[in-house]
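Work through these exercises with the model open beside you. Each task is followed by a solution in steps.

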Amino acid sequence: MASVTWRIRNLHAGIDEPEAELRARALAAVGLSEEAVRSFRIARRSLDARRRGGRRALRFALQADVELREGARSEAFERARRRGQVVERAAAGSLRVDVVHPTLAGARVGVVGAGPAGLFAALVLARSGVAVDVIDRGAGLAARGRDVAGFLRTRVPDPESNLLYGEGGAGTYSDGKLYTRVDDPLETPILETLIAAGAPADIAVDSRAHIGTDRLHRILPELREELRRSGVRFHFGTRVLDFDSDGEPRRIRALRSSRGEFPVDAVLLATGHSARDTLRDWAARGLVIHPKPFQFGVRIEHPQELVTRARHGTGPEAASLGPAYYGLVCRAGQGLPAAHSFCMCPGGQIVASVSAPGFLCTNGMSNSRHSSAWANAALVVTLGPPEYGEGAFAGVEFQERMEAAFFEAGGSDYRAPAQRAPDFLAGRASSGELRSSYKLGAASGRIDALLPERVRDALRRALLHFDRQIPGFAGPEGLLVGVEARSSGPVRLPRVDETRRALGFANLVPVGEGAGYAGGIMSAAIDGARSAQRLLEIGVS
Ligand SMILES: Cc1cc2nc3c(=O)[nH]c(=O)nc-3n(C[C@H](O)[C@H](O)[C@H](O)COP(=O)(O)OP(=O)(O)OC[C@H]3O[C@@H](n4cnc5c(N)ncnc54)[C@H](O)[C@@H]3O)c2cc1C
């Protein structure tokens, strides 16, 4: 019988505390002796920078996994279980299926999109012995890099190969943060796959794990080669247009693309949330799409030094911790919605998350060392149909209106409207040089006038609130840059619960962020992998 792993929670350690001391304290806290333990490892580590008793006291919050010898569970251990300090750890999941449903024997599956959802779906299918075509409208990594550089040079975006489209999907030029709020059994094998492809081993432990754009660009080719060795065929520069189908429920027989037809027995649709054209075309062909709430706001940028000083202080411990992170929340109040920071990139840069000409959208990325002098994050509120109207594409249309307005306000050349925080609060344009990491240039603009009033007021309230936690956050060194319209997707493609099939389809499974089931790299990878497993287990009808 496989041995049970127990997770010990609520542990703390000093910044420099040796692991042996922590181990002794952790075991004592849950009534275990050294002799009782077969294995012990730190499973999660995060920096706790909260003030306690009015004083800064940096420490690590930790969780540890232990395996016990036969009959080693003491009375004190059982008490620790009852008070929740120890919980049984779910066994790690697997990225393959042992028995494939007979309806998929010898099948060929089309995966549309080579982002994290599509790639990890393909991995599960291929490791389970099923033939896979991964089709992506964007270019493979090297050519995509040239296209992104071309956009920065010419200010003319390539609508097929850009920061959002191409090998690795939207996260390829990112901070590569791997945080997820779901404690999912597939997280471990996904992290192990990334580590085997070259990611640092501590991503398995660090609760603020990030890979960084530079390392992602070394990992993706390794992942691609593993997939190729398992028989996956990649088709970059190939936009899927629509499909041939028959029957009731409809069965997709072939995908039609800009480079011809792909015969398929099943399809995983993993297009991400920027492929508005594809979603509209497939909706016109009967794919059911619902609107869903999504996050909307601006980026805010500060000198990293301002953030690090506020979070880590200036003591000797701060030096070993590197650039500081923040995650800030301002609850709803005074008739205004909640606002929060999102996707914070320490030592990063603001980028133009642009996939179609005439629309401007910001996001953030960084390299593995977080080495730039800037800290940026999205500052967002959640909007839903009450704010942007009814209809499947009402949220998309709202995004498009906002992105077009910011594009125009920036000078119609992908400079981004920018406003210092005090000017945003006071409702006036900023004057003088606006320094930012945004390579295409910050142009003084009235972000306060471009945003819907309710969003503006919620962000103003949040800025003042956050300034109490990070002094200077709403000061002249805080620069708002916009617009941050795609922090999450505005639609959901409803799935039949158990099978995950799209409504009315026998062999179509929508996955990832574009389908409304993920909000980041890790959650997209988990959704793609789990959906592929379901498909293999349940088959097609
Ligand atoms: C700049 C930036 C930074 C980010 N930073 C982080 C971060 O640090 N951490 C984090 O967790 N998340 C981050 N995100 C979000 C994260 O990248 C996404 O949540 C994630 O990539 C979604 O994965 P996905 O596979 O669902 O879709 P995507 O990654 O969007 O992939 C979809 C793919 O489908 C392809 N496609 C679309 N339509 C078609 C079609 N018709 N035919 C063929 N192919 C098509 C696209 O070319 C694309 O490659 C960031 C996003 C951006 C833009």
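Domain bounds here come from an automatic or database domain assignment. On that basis, the protein is divided into domain 1 (5–88), domain 2 (102–289 + 493–538) and domain 3 (294–484). The model is predicted.

**Exercise 1. Find how far apart the C-alpha centres of domain 1 and domain 2 lie, and describe their contact.**

Step 1. Take the two centres. They lie 37 Å apart.

Step 2. Count the contact residues. Domain 1 gives 5 residues and domain 2 gives 4 residues. A contact here needs C-beta atoms within 7 Å.

Step 3. Sort the side of domain 1 that touches domain 2. It holds 2 nonpolar, 1 polar and 2 charged residues.

**Exercise 2. Which radius of gyration would a compact globule of 541 residues have, and what does the protein have?**

Step 1. Apply the globule rule: 2.2 Å times the number of residues to the power 0.38.

Step 2. For 541 residues the rule gives a value near 24 Å. The protein has 24 Å, so the two agree.

Step 3. Along the principal axes, the C-alpha atoms fill roughly 65 × 65 × 45 Å.

Step 4. Look inside. Buried residues make up 48% of the 541 residues. Among contacts with a separation of 6 or more, 73% join residues 24 or more positions apart.

**Exercise 3. Check the length of helix H6 (residues 213–229), then list its buried residues.**

Step 1. Multiply 1.5 Å by one less than the number of residues. For the 17 residues of H6, the span should be 24 Å.

Step 2. Compare. The end C-alpha atoms of H6 are 25 Å apart, which agrees.

Step 3. List the buried positions of H6: Thr213, Arg215, Leu216, His217, Leu220, Leu223, Arg224 and Leu227.

Step 4. Recall the helix repeat. An α-helix has 3.6 residues a turn, so residues three or four places apart point the same way.

Step 5. Find the cover. The buried residues of H6 are covered by elements including H3, helix H4 (141–154), strand E9 (233–235) and E19.

Step 6. Go just past H6. There, glycine 231 takes a positive phi of about 100°.

Definitions and conventions:
Residues numbered from 1 in each chain as written. Predicted model: local features only at pLDDT ≥ 70, side-chain atom pairs only at ≥ 80, totals over all residues. Helix = DSSP H or I, 4+ residues; strand = E, 2+ residues; numbered from the N terminus. Buried ≥ 20, exposed ≤ 12 C-beta atoms within 10 Å, placed from the backbone. Contact = placed C-beta atoms within 7 Å. Nonpolar A, V, L, I, M, F, W, Y, C, P; charged D, E, K, R; others polar.
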